[in-house]
Amino acid sequence: MTESNLQAAGSGLTVCLSFDFDALSGWVAGSRNPADVSRGEFAAVAVPRVLDLLDRHGIEATFFVPGHTALAYPAQVLDIQRRGHEIGHHGWAHEAAGEFSDEEQREIFRKGIEALEKVTGERPVGYRAPRGSYSTTSIDILVEHGFLYNSHFSASDFRPYYLRQGDQWSDAGEYVFGRTVDLVEMPFAWHMDDFVHFEFYPGLANTLNAPSAVREVWQGEFDYAYLHEPGGVVVICMHPEVIGRGSRISMLDELIGHMKSRPGVRFARMRDHAAAWREATPVEAWLASDSPLVPRPFESRP
């Protein structure tokens, strides 16, 4: 049975493991300290560990790669592609694109795509914004480039949904919903991101949690979805330079084993699940559904 048929049947649960291969790009824009930059360099060591783990479990995953990383580590990026994983767009040099002008955002987006195409020969169909930084123009750019899906919005937890173009808001007036567009959101949540649990950086992150504590969070989300959200999807966001440390990748190995032990659970690349959901739920059907994320006009009482 194909991913599309499974989703149409509404059975089981899909797990999408995703990895942001930031490497050097996560540090070069914000630090002049070579010791900081070396933290990103560890990704080159960790990527083979992650790929070998995925191979052992027979899992295809998604790697979001900045253009800067693709050009710095083409061998690793090509190995990711060769082993059957998806490569998604993750900016140029891990910049907070939503803080730039519209023209600058478009240039950043173009540079990232060109670098990925140069290395892989393929055009990405999925996007995750570095640092989760978007503006309303970001949606316009994704639509202009014909992207299938995005993954960094949090209006849902275990269900994809369609994004909107042109929302307007302020604290002085009503929220104005824009137009729903054919762009699937694969939901993201910060507690499903390894960096916020595991990394220390003065003034930014001060956690350094034990792998067992993170497994408790991630497995708890998975177990809830398995029991209460049949047909849903669990998205986990990781970074090779973070999850690739010994105790952490051992935890991921054990967590994957737990997930695989549950009947009806499957693992998929994000592009495959997004495409299957989109096929089963076209925009028109989504707008006619009873989802709380479909905007409803206010109707006064008679």
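Colleague: How many cavities of 30 Å³ or more does the structure hold?

Modeller: A cavity is, on a 1 Å grid over the protein atoms alone, a set of points where a 1.4 Å probe fits but cannot get out; lining residues have an atom within 4 Å of a point. Grid points are joined across faces, edges and corners, and a volume is the space filled by probe spheres set on the points. The structure holds two cavities of 30 Å³ or more. This is a predicted model, in which local features need pLDDT of at least 70 and side-chain atom pairs count only at pLDDT 80 or more, while totals for chains, interfaces and linings use all residues. Residues are numbered from 1 along each chain as its sequence is written, and side-chain values use heavy atoms, with hydrogens and water left out.

Colleague: What lines the largest cavity?

Modeller: Its space is about 80 Å³, and the lining consists of Q81, E86, I87, L116, T120, E122, R123, P124, V125 and R271. Helices (H or I, at least four residues) and strands (E, at least two) are DSSP runs, numbered from the N terminus. Here β3 (86-89) and α6 (102-120) each supply at least two lining residues.

Colleague: How does the lining of the largest cavity divide by class?

Modeller: Ala, Val, Leu, Ile, Met, Phe, Trp, Tyr, Cys and Pro count as nonpolar, Asp, Glu, Lys and Arg as charged, and the others, Gly among them, as polar. The lining of the largest cavity has four nonpolar, two polar and four charged residues.

Colleague: Which residues line the second largest cavity?

Modeller: They are A97, Q105, I108, F109, Y127, S133, S138 and I141. Two or more of the lining residues come from each of α6 and α7, and α6 gives the largest share, three residues. The second largest cavity holds about 60 Å³ of space. By class, its lining has five nonpolar, three polar and no charged residues.

Colleague: Which residues lie nearest the centre of the second largest pocket?

Modeller: A pocket is an open set of points with protein on both sides within 12 Å along at least five of seven lines. The second largest pocket has about 290 Å³ of space. Of its 16 lining residues, F153, L163, R164, D167 and Y175 lie nearest the centre. Both α7 (136-144) and β6 (161-165) supply at least two residues of this lining, with β6 giving the most, five residues. The lining of the second largest pocket comprises 10 nonpolar, four polar and two charged residues.
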